[in-house]
Amino acid sequence: MKLRSLVPLSYFGITTILFNRKDPLVGSIILTDKCNLACKHCAVSNITSILYPHPQIKAEMQKMYAEGVRILFFYGGEPFLWRDHGLTLRDLVIEAKQLGFLLVNVVTNGTIRVDLPEADLVMVSLDGGREKHNEIRGDTYDTIIGNIQSASAKNVCLYMAINQINKGEMEEVCEVAKQPGNVKAVSFNFHTPYPGTERLKLSREEKQDCADRIARLIDEGYPILNLKSALPYIVNNTFPTPCNQCVVMENGQQWVCGRCIDIEGLCEECGFFFAAEFALLFSGNARVMLDMFKTYMKYI
Ligand SMILES: C[S@@+](CC[C@H](N)C(=O)[O-])C[C@H]1O[C@@H](n2cnc3c(N)ncnc32)[C@H](O)[C@@H]1O
Ligand code: SF4
Ligand code: SF4
């Protein structure tokens, strides 16, 4: 991470903890719910399939920036499908940087050419080795690996949602990340049981087994953008929810933490590592603070 970003982000963190502030730092903008895939674990794609217009997205960026957000994610659906009057995802990333966001990241299924050198991180979802990934995401594994290899910058971070189908395959994803090329790191989540996807959730014991293996992979030096110190809280769902420093916007509406906040009881089963890691950080957990500093300095 560059000093230009580190200094204001550290200031935000320290003042949030000292004064118990609830201002947001991390924002996600959903560009569309349109998607070219129909993954087994996903409950948020192709509900309206609308590509939100550029003026609306620009207004969302400006609103978030004015509220203090400095780390921005573009989400979907599939964000690489977004278009408006000749503008593409790349134009949005450049615009966000010009507005002053310190880190601008994208989360993608990786099936469309990964050509976004302007982004700090391109999170590419990879849900296991070829067989299990394809079971979840259709026959896409080889295309995604090809797109990662030909990506135009070393700014890829693999993103794996661990569920009943692929719970044995974190090691396979870590091996891909370790190969020389465009991948900086891997980031994990546990399946969050949105209505209709409950059958894929992990038991507490299964989460513990996965967490032990992630901790071992971190110790063995695999590039993992998660915090070992947060794992016990994630396994036991004992981190504070919602994360007040995270906000999401879609179609002019804003939520604290995630849109999932509207689903009754879901926060108690949340599997999103970022929500846990940021909530613990801003609650003043010293081990998580130190761990995040070391991990983010290494991989971002
Ligand atoms: C909703 S997708 C949008 C971006 C893009 N289409 C993709 O697949 O990366 C963002 C991330 O959420 C993950 N995801 C989807 N449903 C989930 C669930 N129920 N629990 C945890 N992660 C989930 C996906 O695997 C993906 O990594
Ligand atoms: S690619 Fe992403 S948005 Fe599309 S169905 Fe899969 S997880 Fe959902
Ligand atoms: S389930 Fe709750 S805690 Fe988890 S990301 Fe969604 S709103 Fe945040």
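**Reading a predicted model**

Reply: Let us begin with one residue: Ile94 is partly exposed, as its relative accessible area is 29%, a value between the limits of 20% and 50%. Ile94 belongs to helix α3, residues 89-99. Its C-alpha atom is separated by 28 Å from that of Cys260, a residue 166 positions away along the chain. Please keep in mind that this is a predicted model.

Me: How many helices and strands does the chain have, and why may the chain be called as compact as a globular protein of its length?

Reply: The chain has ten helices and ten strands. Its radius of gyration is 18 Å, close to the 19 Å that the globule rule gives for 300 residues, and it is therefore as compact as a globular protein of that length. The C-alpha trace spans about 45 × 45 × 40 Å along the principal axes.

Me: What share of the residues counts as buried, and what share of the contacts joins residues at least 24 apart?

Reply: Of the 300 residues, 55% count as buried. For contacts between residues at least 6 apart in sequence, the share that joins residues at least 24 apart is 72%. The accessible surface comes to about 12,800 Å², and carbon and sulfur atoms account for 55% of that surface.

Me: Let us turn to the helices. Which residues of α5 are buried, and why are they on the same side of the helix?

Reply: In α5, residues 141-149, the buried residues are Tyr141, Ile144, Ile145, Asn147 and Ile148. They cover an arc of only 160° around the axis, so they are on the same side of α5. Their packing partners are β6 (121-125), α4 (130-137), β7 (156-162), α6 (170-178) and β8 (183-190).

Me: How is α6 to be read, and which of its residues are buried?

Reply: The buried residues of α6 are Met170, Val173, Cys174, Val176 and Ala177. Viewed down the helix axis, the buried residues of α6 fall within an arc of 155° and therefore line one face of the helix. The elements that cover them include α5, β7, β8 and α7 (204-219).

Me: Where does Lys154 lie, and which residues does it touch?

Reply: Lys154 lies in the loop between α5 and β7. It counts as partly exposed, at 47% relative accessibility. Leaving aside residues up to four places away in sequence, Lys154 touches Gly181, Asn182, Val183 and Lys184. Lys154 and Pro117 are 37 residues apart in sequence, while their C-alpha atoms are 8.0 Å apart in space.

Me: What is phi of His85, and what is phi of Asn251?

Reply: Phi of His85 is near 45°, a positive value in a residue other than glycine. His85 is in the loop between β3 and β4 and is exposed, with a relative accessible area of 80%. For Asn251, phi is near 50°, which is again positive in a residue other than glycine. Asn251 is placed in the loop between β9 and β10 (253-256) and is partly exposed, with a relative accessible area of 45%.

Methods
Residues numbered from 1 in each chain as written. Chains lettered and ligands numbered in written order. Predicted model: local features only at pLDDT ≥ 70, side-chain atom pairs only at ≥ 80, totals over all residues. Heavy atoms only, no water. Buried < 20%, exposed > 50% of the residue type's maximum accessible area, 1.4 Å probe, protein only. Helix = DSSP H or I, 4+ residues; strand = E, 2+ residues; numbered from the N terminus. Arc of directions from axis to C-beta. Contact = heavy atoms within 4.5 Å. Rg over C-alpha atoms; globule rule 2.2 N^0.38 Å. Areas by Shrake-Rupley, 256 points an atom, 1.4 Å probe, with all protein chains shown as cover.
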